[in-house]
Amino acid sequence: MPIYSFYLISKSGSLLYQKDFHSQNSPISKQNSNDYLVIASTLHGVHAIASKLTPEEAMGNYEKSRLPTNSNRFGLQCITTAKFKIFIHQTTTGLKLILFTSNDVSLIQATQLQGQLYKSYADYVLKNPFYRLDMPIRFRLFDDKVLTVVTGYNA
Amino acid sequence: MSTPSNSKLMLTGAGYNPVIGPGSTADSTNSLPKQTASQRSVSQLSSPSSLLRLASTSSERKLNSFGAHASIYDRNLHRGMHEISLSSMSFLFMEVIRMSLNGSESLLQMERKLNNLGYRVGLRLLELVSLRENFNNNLASSGKSNTAQRHVRVLEILQFVKESIWPCMFGKEADNLEKSVQNENQYMIIDSDPILSRYICVPKEYEGLDCESFVAGIVEGLLDISYFRCEVTAHSAPLEGYPNRTVYLVDFDSSIISREERLSKK
């Protein structure tokens with residue numbers, strides 16, 4: 001159940017952090033940095049549109065699903081394609097954690113992993129005095145932490 | 001309002017009353033704040049005596065809402081466990097760093113500021129830790145002396161820093177204590193995973209800055225106050241698996257070294 005890549009998007013839709021993970025036969029090819037920005041802002045927009053389109057009857061689904069830290073109530077939660085899945089997790093402050101995974105990862109598993117990644121964000125980014133909110137994240141400690149969390153899951 | 005009911009209010013105000021039961025604390029919190037609020041508005045205009053009354057009632061209110069021990073001054077200095085949340089400490093330390101970063105022109109000046117902040121902590125910490133050690137020795141009634149020992153030798157005080165101060169501050173001993181090979185008045189205290197800067201990663205534009213200068217200042221303060229004149233600086237020395245490993249370099253004054261030689265001759 002490999003994880004292909006991980007995105008962090010701020011509440012205004014700008015890309016804070018992006019990381020591709022090496023795994024064999026990954027369907028995700030390497031893009032240039034401009035494309036990553038485009039992917040991030042597209043997902044942000046689509047997510048916002050989806051939350052407007054959610055039918056009245058489906059509004060209660062979130063309460064039933066009991067995902068504790070996920071405040072992604074009415075928006076896009078998961079996109080399934082033939083080759084990979086995209087999971088979107090939104091925190092209470094509007095930060096989005098997006099995972100590109102293989103098809104056999106379930107929503108529960110993805111949510112667990114996103115919770116762990118959120119924790120390392122809260123620890124290694126928000127508690128760092130040199131970080132300015134809504135700016136791109138470039139910290140070696142956070143990089144290491146994300147890598148250990150994801151490789152621990154991939155293994 | 002008659003006097004008896006007033007005095008009863010005072011009595012119930014002193015915390016949990018076993019005669020009345022759980023209601024004793026619940027009731028008074030509802031009634032007392034109103035009273036103090038009205039008194040406060042009066043006291044702004046009137047004499048110092050009413051100010052005094054305000055002070056006494058506000059301390060009562062603290063006693064009411066938080067139970068028997070209200071402020072840090074009412075608590076016993078000796079506590080078996082005195083742990084605080086690492087997250088809140090990290091956030092506080094983060095703001096300390098931001099504050100000293102904002103007002104300083106160079107990284108050296110910023111480290112100096114952190115060092116000075118720590119220095120003042122160190123002056124007080126020595127007293128507190130010796131006091132707590134005393135309590136522990138008395139409780140254990142071991143063969144150790146019951147009075148705090150004043151350390152006069154360099155190695156003794158450094159051992160004390162490593163084995164008593166570090167557990168009090170960080171809940172673990174410092175990892176190593178070394179003597180410098182090149183310089184006889186330099187000693188090194190080494191911590192592989194300093195807790196205060198566990199989440200801190202210094203970016204490239206601030207390269208060379210070490211936030212552990214604060215801890216270095218604490219060590220310097222407590223060495224100074226125990227008559228070991230020295231300068232302490234923090235240097236990061238990362239190792240594989242320990243990205244934040246820090247060396248605290250203790251540079252003793254030459255007078256201390258000559259005193260040490262004199263003492264060892266005896």
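**Close-up 1. Packing of helices α3 and α4 in chain A of the predicted model.** Helix α3 (residues 107-124) of chain A packs against helix α4 (residues 140-154) of chain A at an angle of about 165°, and their axes lie 10 Å apart. Because angles over 145 degrees count as roughly antiparallel, α3(A) is described as roughly antiparallel to α4(A). The crossing of α3(A) past α4(A) is right-handed.

**Close-up 2. Residues at the contact of α3(A) with α4(A).** From α3(A), the contact is made by A:Leu113, A:Gln116, A:Leu117, A:Ser120 and A:Tyr124. From α4(A), the residues they meet are A:Leu141, A:Phe142, A:Lys145, A:Val146, A:Val149 and A:Tyr153. By class, the residues of this contact are eight nonpolar, two polar and one charged.

**Close-up 3. Contact between chain A and chain B.** Chain B contributes 12 residues and chain A contributes 10 residues. The side of chain B that touches chain A consists of 10 nonpolar, one polar and one charged residues.

**Close-up 4. A:Asp134, a non-glycine residue with positive phi.** The phi of A:Asp134 is about 65°. A:Asp134 is found in the loop between α3 and α4 of chain A. With 11 other C-beta atoms within 10 Å, A:Asp134 is exposed.

**Close-up 5. B:Tyr227, in a loop of chain B.** B:Tyr227 lies between α7 (213-225) and β3 (230-236) of chain B. This residue is not a glycine, and its phi is positive, near 65°. B:Tyr227 counts as exposed, because it has 12 other C-beta atoms within 10 Å and the cut-off for exposed is 12 or fewer.

Terms used:
Residues are numbered from 1 along each chain as its sequence is written. Chains are lettered from A and ligands numbered from 1 in the order in which they are written. This is a predicted model: local features need pLDDT of at least 70, side-chain atom pairs count only at pLDDT 80 or more; totals for chains, interfaces and linings use all residues. Axes are lines fitted to C-alpha atoms, for helices over the stretch in contact, and angles run from 0 to 180 degrees between N-to-C directions. Helices (H or I, at least four residues) and strands (E, at least two) are DSSP runs, numbered from the N terminus. Angles under 35 degrees count as roughly parallel, over 145 as roughly antiparallel, 65 to 115 as roughly perpendicular and the rest as oblique. A crossing is left-handed if the near helix is turned anticlockwise from the far one by less than a right angle, and right-handed if clockwise. Two residues are in contact if their C-beta atoms, placed from the backbone, lie within 7 Å. Ala, Val, Leu, Ile, Met, Phe, Trp, Tyr, Cys and Pro count as nonpolar, Asp, Glu, Lys and Arg as charged, and the others, Gly among them, as polar. A residue is buried if 20 or more other C-beta atoms lie within 10 Å of its own, exposed if 12 or fewer, and partly exposed in between; C-beta atoms are placed from the backbone.
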